Amino acid sequence: MNEYLLAADNVDFRYPGRDTNTLHGITLALRRGERVGLVGESGAGKSTILRLLLGLDAPTGGAVRFQGQPLNLRDRAGLRGFRSAVQNVFQDPYGALDPRATVGRTITEPLRSLGIERDREALKSRVADLLAAVDLPADAADRYPHAFSGGQRQRIAIARALAPNPRLILADEPVSALDMSVRTQIIELLRGLGRADASVPDENQTGLLLVSHDLSIVAALCDRVAVLQDGRIVEEGHTSEVLANPQHPYTRTLLAAIPRLPRAEG
Amino acid sequence: MTALSVQNLSVQTEDHRALVSDVSFELPAGQRLGIIGESGSGKSLTALAVLGLLPSGLRASGSIRLGNTELVGASARTLNGVRGSGIAAVFQEPLTALDPLMRIGEQLAWPLSHHRGLRGDALQRAIIEALAAVALPNPEKIARSYIHEVSGGQRQRVAIALALACNPDILIADEPTTALDISVQAEILDLLDGAVRERGMSLLLISHDLAVVSQMTEQLLVLRGGEGIEQGPTRQLLTTPEAEYTRLLVNTARSLEAYLPEVSALPKAPVPLDDPARADDPAQSPGNPPGHANPNTNPVENQA
């Protein structure tokens, strides 16, 4: 079995009609259970990489590999397996949920659309488990998204992503639209995903690719970090090492630009 | 002297729901006050009430005094006289303040001619000066550009130039860097800091970001659900907060910051970048402090 679950292998990408590439030779490999942060500013190509890794677009050069095999967007049966293994959570918890679907229906959508589970009772008990996993009350299942705050909606989106028992969650700025006081709760929730039992070997846990402009959130959640600038990865390594000893001037700029609080006295 | 005095300000909907309740603060001349709060705290409505720009259907009560002028219930004529030269504002999204169909220079021409009576060559010179004052590279070219032709950071600089055009006594900045990249944020904060100091303006900075506010202000007001929770010197509030809610905000911010290395441990001399696309631009070399790129080298860029 290939040790990499999902990998971009020397990927180039150019949007149709553009004369320059958006991505240049991106190589980014995720081992099973690994948590990787992808950091960069607007226009760096973060979202484009996510689209390629989700199989929503095909690279114009290089390949995206899932379990070692190039992702074939025409292979519908193969893609079903891929989609249940790789789920995503977006930035905007308001836009990501169908306002006309109950929370229960929203959460089970991947199970139904991927044909994983159709039995009503089984779906119901899965909803209860998932709501409990994201610390939402069981009665949330019958309510609609408008009844929930931003942080609660992001919990619903995370519950939906967890539904098919994915091997990897791709999260695009999952906390940047949330208030500070809610932000840490969602970070804690993401920290805890699949890590309830420390005795389970890492590779059997849910991995995370966290895309963010915020280095502190990446530092809180990720073992490894890649820094993206102008469509190129300019630095990559263990998060603690990159933060303690950034090599690329751009990484240093990002770190130094983060505003800090005055130090506590005493 | 107190530039701005807000006493028992409330903002209500038509059906008497209070969105801001009994908020009071003073902004002495030349001082800087931060208002911190989360969504629904009423921080932006407070700013809009001071500007007399509340959305229709909302009504302010209490007192907002600018010098000797009462703004609550003031006529449109009084408010128009105050806005621009008395109080000016910069918002989160510069595009809301800027007209997409008008060249940047023309947009600056209006306040400069209206409030300062400038015409002809003097007006043209003032436009270029206003753009150069916010460290925009090649101000002549920027003046001829439309707003979609410049980057996000440059747009916010244009919005700041517009706010500063009439030399206001008070600048209100409502989340001025929230929509910007982090490296651009540092430059815009630098710019605001310098502009406020040089002109001796008072600053009312509204933000959800404690670290940003702590760098920019001396006094801090914490709002939650439309009510004032705690008020005092910024440093004191952030190091020894008294209200439970302030403590929650501070602890949350500190817990995230704890994942980052100490500032003193960081390698020095980072390269300031107004835009990642210009990382290799000689005008952005480490020799230039943030916000002071050589004005002769940078062409107006098109955001792809």
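Here is a short chat about salt bridges and a pocket in this predicted model.

Colleague: Hi! How many salt bridges does the structure hold over all chains?

Modeller: Hello! Over all chains there are 14 salt bridges. Keep in mind that this is a predicted model.

Colleague: Where do Glu34(A) and Arg224(A) lie in chain A?

Modeller: Glu34(A) is in the loop between β2 (23-31) and β3 (35-39), while Arg224(A) belongs to strand β9 (residues 224-229), so the pair ties together parts that are 190 residues apart in sequence.

Colleague: Nice. Are Glu34(A) and Arg224(A) buried or exposed?

Modeller: Both Glu34(A) and Arg224(A) are buried.

Colleague: Let's move on to Arg191(A). What does the side chain of Arg191(A) meet in a salt bridge?

Modeller: That would be Glu188(A), at 3.7 Å from N to O. The two residues sit three apart in helix α6 (residues 180-192) of chain A, so about one helical turn separates Arg191(A) from Glu188(A).

Colleague: And what is the relative accessible area of Arg191(A)?

Modeller: Arg191(A) has 33%, so it is partly exposed. Glu188(A) is partly exposed as well, because its relative accessible area is 44%.

Colleague: Which residues do salt bridges that share partners join into one network?

Modeller: That network consists of Arg31(A), Glu34(A), Arg224(A) and Glu236(A).

Colleague: What about Arg143(A), which residue does it form a salt bridge with?

Modeller: Arg143(A) pairs with Asp139(A), the closest N and O atoms being 3.7 Å apart. Arg143(A) counts as partly exposed because its relative accessibility is 33%. Asp139(A) also counts as partly exposed, at 48% relative accessibility.

Colleague: Changing topic: how much space lies in the second largest pocket?

Modeller: The second largest pocket has about 590 Å³ of space.

Colleague: Which residues lie nearest its centre?

Modeller: Those are Arg83(B), Gly84(B), Trp110(B), Pro111(B) and Leu162(B), out of 22 residues that line the second largest pocket. In chain B, the elements giving two or more residues to that lining are β6 (87-90), α3 (104-116) and α6 (152-164).

Colleague: Where does the largest share of the lining come from?

Modeller: From α3(B), which supplies six residues to the lining of the second largest pocket.

Colleague: Last one: what does the lining look like by class?

Modeller: The lining of the second largest pocket has 14 nonpolar residues, along with five polar and three charged ones.

Technical notes
Residues are numbered from 1 along each chain as its sequence is written. Chains are lettered from A and ligands numbered from 1 in the order in which they are written. This is a predicted model: local features need pLDDT of at least 70, side-chain atom pairs count only at pLDDT 80 or more; totals for chains, interfaces and linings use all residues. Side-chain values use heavy atoms; hydrogens and water are left out. On a 1 Å grid over the protein atoms alone, a cavity is a set of points where a 1.4 Å probe fits but cannot get out, and a pocket is an open set with protein on both sides within 12 Å along at least five of seven lines; lining residues have an atom within 4 Å of a point. Grid points are joined across faces, edges and corners, and a volume is the space filled by probe spheres set on the points. Helices (H or I, at least four residues) and strands (E, at least two) are DSSP runs, numbered from the N terminus. Ala, Val, Leu, Ile, Met, Phe, Trp, Tyr, Cys and Pro count as nonpolar, Asp, Glu, Lys and Arg as charged, and the others, Gly among them, as polar. A salt bridge is a side-chain nitrogen of Lys or Arg within 4 Å of a carboxyl oxygen of Asp or Glu. Buried means under 20% relative accessible area, exposed over 50%, partly exposed in between (1.4 Å probe, protein chains only).
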